[in-house]
Amino acid sequence: MALRVAAMATAAIGAALIHRVNDPGVLCPLRAFTGIPCPLCGGTTVFIEMGSGRPVQAVLANPVAFAGAVAVALAPLGWGRRWWALRPGIRAWVLGTALLGSELWQLARLGLLRV
């Protein structure tokens with residue numbers, strides 16, 4: 001698990017350093033072409049903010065992507081087995097609910113949904 005977290009931290013710090021030098025703009029193809037974010041928009045920002053040492057901004061960029069990264073890091077502790085032990089219908093419901101919530105979050109975050 002330590003190696004997994006170290007690799008993720010190294011990637012996040014590297015992304016933050018590259019982003020400081022060269023901001024590529026919007027990376028999401030759906031958002032770039034339509035202006036509408038996908039549920040995973042902000043995922044890159046999560047890693048850039050974590051690599052810059054700003055965890056609160058990382059969570060605010062996309063809570064679902066942040067939770068997914070944490071889940072990947074903690075999977076070796078047995079969380080992965082718990083996930084796969086769930087019935088397929090429950091896993092689909094959890095993922096669908098998370099993606100719907102993430103899409104609503106992104107629409108609100110980018111000012112496309114008035115809350």
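Let's start with helix H1, residues 2–21, and helix H5, residues 63–74: they pack at an angle of about 145°, with their axes 8 Å apart. The axes here are lines fitted to C-alpha atoms over the stretch in contact, and angles run from 0 to 180 degrees between N-to-C directions. The helices themselves are DSSP runs of H or I with at least four residues, strands are runs of E with at least two, and both are numbered from the N terminus.

Who makes that contact? On the H1 side we have Arg4, Val5 and Met8, and on the H5 side Ala69, Val72 and Ala73; contact means heavy atoms within 4.5 Å. By class, that gives five nonpolar residues, no polar ones and one charged. For the classes, Ala, Val, Leu, Ile, Met, Phe, Trp, Tyr, Cys and Pro count as nonpolar, Asp, Glu, Lys and Arg as charged, and the others, Gly among them, as polar.

A quick word on the model. It is predicted, so local features need pLDDT of at least 70 and side-chain atom pairs pLDDT 80 or more, while totals for chains, interfaces and linings use all residues. Residues are numbered from 1 along each chain as its sequence is written, and side-chain values use heavy atoms, leaving out hydrogens and water.

Zooming out, the chain has seven helices and zero strands. Its C-alpha trace spans about 40 × 35 × 25 Å along the principal axes. Of the 115 residues, 21% count as buried, where buried means under 20% relative accessible area, exposed over 50%, and partly exposed in between, with a 1.4 Å probe and protein chains only.

Now to helix H3, residues 43–51. Its buried residues are Gly43, Val46, Ile48, Glu49 and Gly51, and their cover includes H1, helix H4 (55–61) and H5. After H3 comes glycine 53, with a positive phi near 80°.

Glutamate 49 has a partner, too: its side chain meets that of arginine 54 in a salt bridge, 2.6 Å from N to O. The criterion is a side-chain nitrogen of Lys or Arg within 4 Å of a carboxyl oxygen of Asp or Glu. A search of the whole structure finds one salt bridge. Glutamate 49 counts as buried because its relative accessibility is 15%, whereas arginine 54, at 36%, is partly exposed.

Last stop, leucine 77. Where does leucine 77 sit? In the loop between H5 and helix H6 (79–85). Its relative accessibility is 53%, so leucine 77 counts as exposed.
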